Amino acid sequence: MNEFFDTSVRTSDVAETQAWLQAQYGQVDVQADRGTFAEHAVGDTAFSMRRLIWQCRAEVVLEADRFYFATSTPGYAWTIGSETGEYSVEPGLVQPGHELIGRPDDTDLRLIAFDTGWLTDTARAIYGDDELAVRFAGTAPVSRRLRDHWLATVRWSLTQVPLLNEPLVRAHVRRTLATATLEAFPLVGDPRERRASAIEQASIYTSAASWIDDHASLPVTIDDVARAVGTSVAGLRRAFVANAQLSATPEDYLSAARLSAAHTDLVDADPTRVSVGEIAARWGFTDAAAFVDAYHRAYRADPRRTLER
């Protein structure tokens with residue numbers, strides 16, 4: 001489980017700023033005489049979205065232990081090795097093992113951070129490559145179009161912050177940000193081959209989801225789904241891991257499709273002529289108690305109340 005956190009600080013004390021940043025980022029050295037610093041961080045162990053407000057001039061040394069992707073208002077110059085830049089001019093990244101020297105000067109910095117292992121697993125699922133090691137060939141986006149797409153995705157993600165305590169919302173935002181980031185920044189390797197793999201898996205997922213929706217009322221299995229869309233069961237599972245936002249397996253998607261159909265029947269049915277158990281059985285839920293639990297998780301209501309409205 002990824003444990004959710006929502007933390008913030010605001011201080012005018014340099015020592016307190018230093019202590020906070022070290023607790024959040026590891027080895028950080030802040031050199032500033034005075035000023036105000038604030039940060040709001042929200043996320044979980046896999047990713048976080050962070051806003052750092054520097055109402056001062058400072059120098060920060062960060063030894064990255066995860067992937068950081070940044071954009072800012074004017075006033076955040078940076079150096080990584082022999083490369084330099086300004087985050088308001090071009091979004092940039094810091095990779096694990098790299099050292100960033102940042103020089104914030106009355107600026108508002110937005111950071112998207114990903115755990116290395118989680119981003120690697122996600123990239124392997126998206127591109128269908130179990131050996132993929134996530135490393136980037138540069139610090140900036142590969143094109144203006146993908147830069148703008150990434151910035152738009154970040155802006156959209158920020159509108160979801162009030163809802164991130166909900167696990168399904170957080171999973172969707174996390175996955176959407178990761179996909180936009182992996183596409184926007186230059187992964188080491190052959191992008192044409194990765195893109196072809198991603199397109200193929202997206203096609204398998206779309207076809208499989210459509211087939212399941214059309215056949216959910218029948219006693220079909222995941223083997224049937226794989227045969228229908230021309231792939232193996234393993235290939236079908238990879239496609240769902242890579243593309244499904246809420247149902248990470250084809251079994252979960254089939255169950256959700258049947259639960260949705262049962263919900264429609266409950267809404268439309270005459271409670272004097274049919275029971276919850278009969279509708280559940282019609283859609284393959286032979287355990288009435290398990291159906292009630294699944295329905296309540298999905299719709300926050302008891303199926304009997306839905307039927308009797």
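Which residues are linked with D44 in a network of salt bridges? I looked this up in a predicted model, where local features need pLDDT of at least 70, side-chain atom pairs count only at pLDDT 80 or more, and totals for chains, interfaces and linings use all residues. Residues are numbered from 1 along each chain as its sequence is written, and side-chain values use heavy atoms, with hydrogens and water left out.

**Salt bridges**

I found that D44, R170 and R174 are linked in such a network, taking a salt bridge as a side-chain nitrogen of Lys or Arg within 4 Å of a carboxyl oxygen of Asp or Glu. My search of the whole structure gave 14 salt bridges. Because R174 lies in helix α4 (residues 167-184) and D44 in the loop between β3 (36-43) and β4 (47-57), the pair ties together parts that are 130 residues apart in sequence; helices (H or I, at least four residues) and strands (E, at least two) are DSSP runs, numbered from the N terminus. I noted R174 as buried at 11% relative accessibility and D44 as buried at 2%, where buried means under 20% relative accessible area, exposed over 50% and partly exposed in between (1.4 Å probe, protein chains only).

**Aromatic pairs**

I then searched the whole structure for aromatic pairs and found 16, counting rings of Phe, Tyr and Trp (its six-membered ring) with centres within 6.5 Å, as stacked with planes under 30 degrees apart, edge-to-face over 60 and tilted for the rest. F285 and F291 form a tilted pair, 5.1 Å centre to centre with 55° between the planes.
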